[in-house]
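Here is a short report to read alongside the sequence and the 3D view.

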Amino acid sequence: MKVTEHLEKGAGKTLFSFEIIPPKKGHHIKDLYENIAPLMEFNPPFIDVTTSREEHVYLEKDGLLDRRITRMRPGTVGICAAIKHKFDVDTVPHVLCGGFTKEETEYLLVDCHYLGIDNVMALRGDAMSHQKYFEPTVGGHQYATQLVDQIKNLSKGTYLHNVVETDYKPNFCIGVAGYPEKHLEAPSLQSDLKRLKEKVAAGADYVVTQMFFDNQKYFDFVAAARAIGITVPIIPGLKPMAINRHLQLLPQVFKIDLPEPLIKDVEACKSNADVRAVGVDWCIQQSKELLAAGVPLIHYYSMGKSDNIRAIATEVF
Ligand code: FAD
């Protein structure tokens, strides 16, 4: 079922969902199941599975470019299929521009459809560690809007390669990213919002926000998006702070602001266990306020751990 259908079916009730990161190679899917199972009692209509940018190395061999792929984590689509069938829940694979040619993306989307996956999150991906700015993969997309276009084309039966039957028209529900504190590369919030509008015009059905720790940023963002005609659901994404290092790391990586009272509380912590408790409390307060404001769903970044998300959900849902 599509994310948008779940939201409509929710009929005013705030739903709970979360996102997981595929574990690094060397783990068994049983570990992932054990992590997800405690969250299933909160009835998530869907679970997102992120995709890590794969390192693609191009080598010159006999005058031809030889592409080698270094994969750190198992494939997102396979994990989505496994979770979907294990827990009978919809899953949302994150599909990236970076690291994939358009052909690879097409194959991946055909696999998703075959596996009964109805939703995808269309994202550009970040620059790789050795790059200053994002560089599109040879034969891939530069912006998420182009990826949305490609996904939407399938619903019209338009493929890059005419290798499938013409009535095979997967009609995915498409999510895209939104940034209440603007994307780190965007010259201004207003210009970033215009780009978001382009993604929606290309066919995105809903938006999930980057994490934020001050709800006012989300409320202002939604108001600004509505003011320029973005009408699709805008789902807030929340992450509980978990370690002291997050004080530096989160602003540095995501270019987000942390509220002063939260900084003060974390600085007063004597251990990471204390930080975890502060992070859970803060996230509960944020969640309760969002719930009172009537948001359709709250999406949690679990970062591979379910215990803090469970503690929050127990208080909120
Ligand atoms: P875009 O929408 O393409 O925007 C990127 C930048 O380009 C923005 O600054 C935008 O303003 C600008 N822009 C857009 N179109 C144009 C244009 N036509 N001309 C000029 N500028 C333009 N990353 C991962 O690697 N894996 C994941 O699984 C993942 N999941 C995520 C989930 C969520 C909910 C969020 C919020 C982010 C996620 N990310 C993930 C991070 C994301 O890939 C990065 O934030 C990335 O830098 C931007 O992705 P985007 O899809 O927002 O890009």
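How do the residues of the shell around the ligand divide into nonpolar, polar and charged? Seven are nonpolar, eight are polar and seven are charged. Please keep in mind that this is a predicted model.

## Around the ligand

The ligand is surrounded by 22 residues. Thr 50, His 94, Arg 124, Ala 144 and Ala 177 are the closest of them.

Three elements each contribute at least two residues to this shell: β5 (90-96), α5 (144-155) and α6 (189-202). The largest share belongs to α6, which supplies three residues.

## The overall fold

Of the 317 residues, 36% count as buried. Among contacts between residues at least 6 apart in sequence, 80% join residues at least 24 apart.

## Strand β11 and its partners

Strand β11 covers residues 297-301 and is mostly covered, with four of its five residues buried. On one pairing, β11 runs parallel to strand β1 (residues 15-20), and five bridges join the two. In that pairing, Ser 17 stands opposite His 299 of β11. Strand β10 (residues 237-238) also runs parallel to β11, joined to it by two bridges. Here Leu 238 is the residue opposite Tyr 300 in β11.

## A closer look at His 299

Which residues does His 299 contact once its neighbours within four places in sequence are left aside? They are Ser 17, Phe 18, Glu 19, Val 208, Ile 235, Pro 236 and Gly 237. Ser 17, listed among these contacts, is also the residue that stands opposite His 299 in the strand pairing. For one more distance to check in your viewer, His 299 and Ser 287 are twelve residues apart in sequence, and their C-alpha atoms are 9.9 Å apart in space.

## Two loop residues with positive phi

Asn 43 has a positive phi of about 50 degrees, although it is not a glycine. You can find Asn 43 in the loop between α2 (29-36) and β2 (46-49). Asn 43 has 11 other C-beta atoms within 10 Å; a residue with 12 or fewer counts as exposed, so Asn 43 is exposed.

Asp 88 is not a glycine either, and its phi is positive at about 55 degrees. This residue sits in the loop between α3 (76-87) and β5. β5 is also one of the elements that supply at least two residues of the shell around the ligand. With 8 other C-beta atoms within 10 Å, Asp 88 is exposed.

Conventions. Residues numbered from 1 in each chain as written. Predicted model: local features only at pLDDT ≥ 70, side-chain atom pairs only at ≥ 80, totals over all residues. Near = placed C-beta within 6 Å. Nonpolar A, V, L, I, M, F, W, Y, C, P; charged D, E, K, R; others polar. Buried ≥ 20, exposed ≤ 12 C-beta atoms within 10 Å, placed from the backbone. Contact = placed C-beta atoms within 7 Å. Pairing = 2+ DSSP bridges.
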